[in-house]
Amino acid sequence: MRVLTAFLIASAALAATPTLHTPLPMDHDLHAPWLKKAEMGCMDCHVGGDFTPPIPAPSCHGCHLGETPRAPRKAPSSCTTCHAVREELLPTDHLSGWLTQHGQAARAAARRCADCHEDSSCLGCHDRRGAGAASPHGPGFSSLHGLDARMDPASCTSCHTGETCTACHSTGATPL
Amino acid sequence: MIAAWIAALGLAHAGASATAATEALPDFYGDPRWRSRVGVEVTQQAGPWRLEAAGAARDTPVPGLDAQADLLRLRVSSTQNRWSLDAGRSAVWDARGFLRLDGVRAELRPSSAWSGQVLAGRLWTPDPTASADTWLAGGAASFEPDASGLTALRPRYTLGAELRADGDQLQPRLHAAAAAWSLAGVRLLGQAELEPSTDARGQGRATLMASAPLSGTVTGGASLRWEDLPPAGLPMGASSPMDWIAADGYAAAQGWAERRGLRAQAGAIAHQDALGGSGELRLRRSALDVFARGAAINGAHYAGGGLGTDHRLGPATVAGTSALYRLTGLDQRAGWISETRLDGEIPLGPLRLQTRAAGGVDRLRAPWFSVRVSLCAGGA
């Protein structure tokens, strides 16, 4: 979580300030019982006595990302609770080629993915079979896959074994 | 399948995440078929403990697998200060890549710099035609020195070993990696994996990879790989396209750069029998996607490109992609191939109707056309 906080602060420093919902869904009456239970006072959020909205992000994230030991367990942790544009929170390397690039990037810093993603984020796509399964292959792939596979045969094994090839290519009509 | 649909919608109403999709694929060449998939996912968090369960039942056109029910995930996990535990199906990511494990994985963090991982279970692959059954047990230790600051590189060094078994066959694997990343967007990786063998020649794979922001608006990366060992996620007895294309291994290099939606990518492959190269240029501007691609290897080559677009029309979404390529195949036959896809999605209350119409000319110069109509619920 320290890494995530540092990353969010760095993102904010590098890019424009993320767009927040207006007005923010921050209701003092709603928060009061939780703040009282956590023995938190005004200055715990309004750091340095600054009452100009919005309060600094770490104040919110302390409870809503569970970084404060006193954080109530029921504080909503979804980013879009406060942030209006989810794309603004994307790390700078989540570019247009990310769909094909994320595998290699995750190999270099697998733990960093876990700052935002659960295990099920991987399996949600990578366990798919049958109807509803997403395919990363673009138009023309049925005719071009022979050459594309020859350009990097190991990459096919993310989803397929060789039995996918032989299912068609062992019939004789379509030799390998 | 109708009962499964009703069950999925009932569970969705009760608060579970349920998905359902049924596809009709009318085939204009005499083999119409339909396939269906109904899935349910439940996640429950209680303190540090988390339960995830997901399953799916499906009808597929794959011969010999007319219908199948999969328990996709049943996972209990707990994350504490010094340890975490996963039991069930988990996605295991490390410097070697990705594998799907049905089993147990535990991670220990005795200090902020040192961590260890042990795992045991059965490899799972989403390929429904795969028949191999591989069990593995192994572990890895990592050292991650403290680093702070926006530009500081955060290194991580890992050493690991595992034993794989398929029937009476046993295979050990060793792996080592040095990786680093920074908050400013730098990623570096050096990794090697080895399968010692009683044969004169053991098998291995290795990767060198770097990516980083090159300026305020340009990001780039490059990688160099040697592949002479099936990736970690592939079961032992399963064949792979590597067996036919580059049985003695191959070297692959790739480089890419991106600036404000304009992406250029080039790659090369070299092995005993061939030297090949590929390139792609892609521009994304709001709803427009323009691309050009080409590749050449073993005397075969293709070049071409296309464009795609997507729009929202009230509650409906429509998208189209079209591409045209000049292909000279491995048999030296040359011809034009094309494909156009039109996708649409219309919400119908809690359901969605998705359609895809696609058609074109294939490498045998035969025109083809297909339609798929899907009725979906949830995130399917």
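1. Chain B make-up. Chain B holds two helices and 22 strands. The model is predicted, which applies to every point below. Of the 380 residues in chain B, 31% count as buried. Take the contacts in chain B with a separation of 6 or more: residues 24 or more positions apart account for 38% of them.

2. Chain A make-up. Chain A has nine helices and zero strands. Its elements, read from the N terminus, run α-α-α-α-α-α-α-α-α. Chain A has 176 residues, and buried ones make up 22% of them. Among the contacts in chain A with a separation of 6 or more, 55% join residues 24 or more positions apart.

3. Confidence in chain A. The mean pLDDT of chain A is 74. A score of at least 70 is reached by 74% of its residues. Which elements mark the lowest and the highest mean pLDDT in chain A? Where pLDDT is low, the predicted coordinates should not be read in detail. I would keep that caution in view for the points on H1(A).

4. The contact between chains. On the chain A side, 55 residues are in contact with 87 residues of chain B. Six helices of chain A each supply at least two residues to this side: H1 (2-14), H5 (98-108), H6 (110-113), H7 (119-126), H8 (141-151) and H9 (162-169). H8(A) gives the most, with nine residues. By class, the side of chain A that touches chain B has 25 nonpolar, 19 polar and 11 charged residues.

5. The nonpolar core. The largest nonpolar core has 18 residues. The residues with the most contacts inside the core are A:Leu147, B:Ile297, B:Tyr302 and B:Tyr325.

6. A:Leu147 in detail. Leave aside its neighbours within four places in sequence. A:Leu147 is then in contact with B:Ala295, B:Ile297, B:Ala300 and B:Tyr302. Two of these partners, B:Ile297 and B:Tyr302, are listed with A:Leu147 among the core residues with the most contacts.

7. H5(A) against chain B. Which residues of H5(A) are buried? They are A:Gln101, A:Ala105, A:Ala106, A:Arg107 and A:Ala108. The buried residues of H5(A) pack against H6 of chain A. In chain B they pack against strand E5 (83-94), strand E6 (97-108), strand E10 (169-181), E11 and E12.

8. E11 (residues 187-195) and E12 (residues 203-213) run antiparallel, joined by nine bridges. Within this pair, B:Leu188 has B:Ala210 in E12(B) as its bridge partner. E12(B) also pairs with E13 (residues 218-227), in the antiparallel sense and over nine bridges. These two strands form a hairpin with four residues between them. B:Arg205 stands opposite B:Glu227 in E13(B). E13(B) pairs in turn with E14 (residues 250-259), antiparallel over 10 bridges. There B:Ala222 stands opposite B:Gly255 in E14(B).

9. H2(A). Is H2(A) buried or in the open? Helix H2 (residues 28-37) of chain A has 10 residues, and the number buried is zero, so H2(A) lies largely in the open. A:Glu39 follows H2(A), with a positive phi near 55 degrees.

10. A:Pro23. This proline is found in the loop between H1 and H2 of chain A. A:Pro23 counts as exposed because 9 C-beta neighbours lie inside 10 Å, and the cut-off for exposed is 12 or fewer. What separates the C-alpha atoms of A:Pro23 and A:Cys82? The distance is 9.4 Å, though the two residues are 59 residues apart along the chain.

Key
Residues numbered from 1 in each chain as written. Chains lettered and ligands numbered in written order. Predicted model: local features only at pLDDT ≥ 70, side-chain atom pairs only at ≥ 80, totals over all residues. Pairing = 2+ DSSP bridges. Contact = placed C-beta atoms within 7 Å. Nonpolar A, V, L, I, M, F, W, Y, C, P; charged D, E, K, R; others polar. Buried ≥ 20, exposed ≤ 12 C-beta atoms within 10 Å, placed from the backbone. pLDDT = per-residue confidence, 0-100. Core = buried A, V, L, I, M, F, W, Y, C linked by C-beta atoms within 7 Å.
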